[in-house]
Amino acid sequence: MTDQRAAAGPAAQVVVVGSINMDMISLSKRLPAPGETLMGEAFAMTPGGKGANQAVAAARLGAPVAFLSRVGTQAHGRELLAALAAEGIATEGVVVDEAALPGIAVIMVASEGGENSIVYVPGSNADLAPADVDAGAALLQGARVLVAQLEVPVPAIRRAFELARAAGVTTILNAAPALPAGAELLPLTDWLVLNETEAAQFAGLPAGGLEEAGQAARALLLQGPHQVAVTLGAQGVLLCEATGALTHLPARVVKAVDTVGAGDTFVGGLATGLAEGMAAADAVRLGQAAAAIAVSRSGVQSAMPRRAELAEEL
Ligand code: ADP
């Protein structure tokens with residue numbers, strides 16, 4: 001590992017294939033009614049998308065990360081690329097499309113009550129194709145972990161997972177959103193990660209508490225993954241291993257300020273731990289420790305901790 005890092009920059013240990021968006025967020029006292037124009041109180045533009053979020057989470061925790069994606073450079077696409085580079089994430093696997101818009105999420109938040117309304121335009125994320133993944137295939141040589149979510153087309157993820165399997169790279173599928181089309185990836189998945197709502201949807205079983213999460217995890221395990229981690233918000237994680245054995249790993253009690261992006265921080269931490277060769281439960285704990293810090297701060301990428309901040313937690 002050290003030898004690779006000494007050469008021309010570190011070889012990516014974690015490769016993330018997925019979405020990247022610009023989130024455009026307005027704050028107003030309440031949400032506007034149809035046809036209404038309201039005066040806003042604040043505006044912010046921040047990089048997002050589950051793929052980019054998870055890449056940033058892993059990079060902050062010290063993993064050498066490469067991103068496989070597609071970004072339109074109209075509107076604010078170039079800023080998205082610059083933001084990845086500023087985190088030390090390798091971007092040569094990102095296909096730049098001068099003719100397209102990047103993914104954009106227009107988010108309206110009410111300052112009184114916190115309700116929100118979101119319009120998400122996938123832009124270039126919807127165009128990620130297997131050929132784009134092939135163009136970045138070299139990134140998987142020497143990588144330890146490949147991470148994907150379901151915000152880009154399944155054929156591209158399938159291609160990445162096939163290449164990963166051939167190269168002996170551990171695959172993590174974060175089945176968010178829980179699109180039925182993602183099920184075809186399960187035979188190529190080592191780790192399946194989803195929250196309890198997604199687990200129920202993906203397994204076609206009722207949602208509920210710990211017991212239901214366990215049932216969903218065991219049902220999903222039969223479709224191919226070797227480990228299923230169901231995240232339960234403040235209740236932590238239910239880990240289901242290949243034997244069907246279930247372990248509940250409680251979350252640290254923190255004062256939650258903003259839980260948006262908790263799952264992305266968790267996945268980035270899990271990927272980092274696995275890339276470092278940690279045992280399953282230890283890698284889950286690393287993800288949980290990072291997520292516990294992230295939820296205690298506002299923002300998504302801006303709330304993700306650096307490795308040194310985790311020292312006390314672990
Ligand atoms: P998602 O954001 O995908 O819905 P969760 O809400 O389940 O995911 O959160 C992912 C992980 O983040 C949890 O398993 C837990 O370890 C941690 N986490 C989330 N919310 C809290 C919280 N309020 N306190 C402590 N840890 C939390």
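Q: Which residues is Asn21 in contact with, leaving aside its neighbours within four places in sequence?
A: Asn21 is in contact (heavy atoms within 4.5 Å) with Thr46, Pro47, Gly48, Gly49, Leu80, Gly103, Ile104, Tyr120 and Asn125. This is a predicted model, where local features need pLDDT of at least 70, side-chain atom pairs count only at pLDDT 80 or more, and totals for chains, interfaces and linings use all residues. Residues are numbered from 1 along each chain as its sequence is written, and side-chain values use heavy atoms, with hydrogens and water left out.

Q: Is Asn21 buried or exposed?
A: Buried, with a relative accessible area of 4%; the cut-offs are under 20% for buried, over 50% for exposed and partly exposed in between, with a 1.4 Å probe and protein chains only.

Q: And which side chains make polar contacts with the Asn21 side chain?
A: The Tyr120 side chain does, at 3.0 Å, and so does that of Asn125, at 2.9 Å. A polar contact is a pair of N or O atoms within 3.5 Å; within protein, one must be able to donate a hydrogen and the other to accept it, and residues adjacent in sequence count only if both atoms are side-chain atoms.

Q: Switching to the ligand: what lies 2.8 Å from one of its oxygen atoms?
A: A polar side-chain atom of Thr231. For Asn195, a polar side-chain atom is 3.0 Å from a ligand oxygen, while Gly236 uses a polar backbone atom, at 2.9 Å.

Q: How much of the ligand does the protein bury?
A: 84% of the 550 Å² that the ligand exposes when taken alone, with areas from the Shrake-Rupley method and a 1.4 Å probe.
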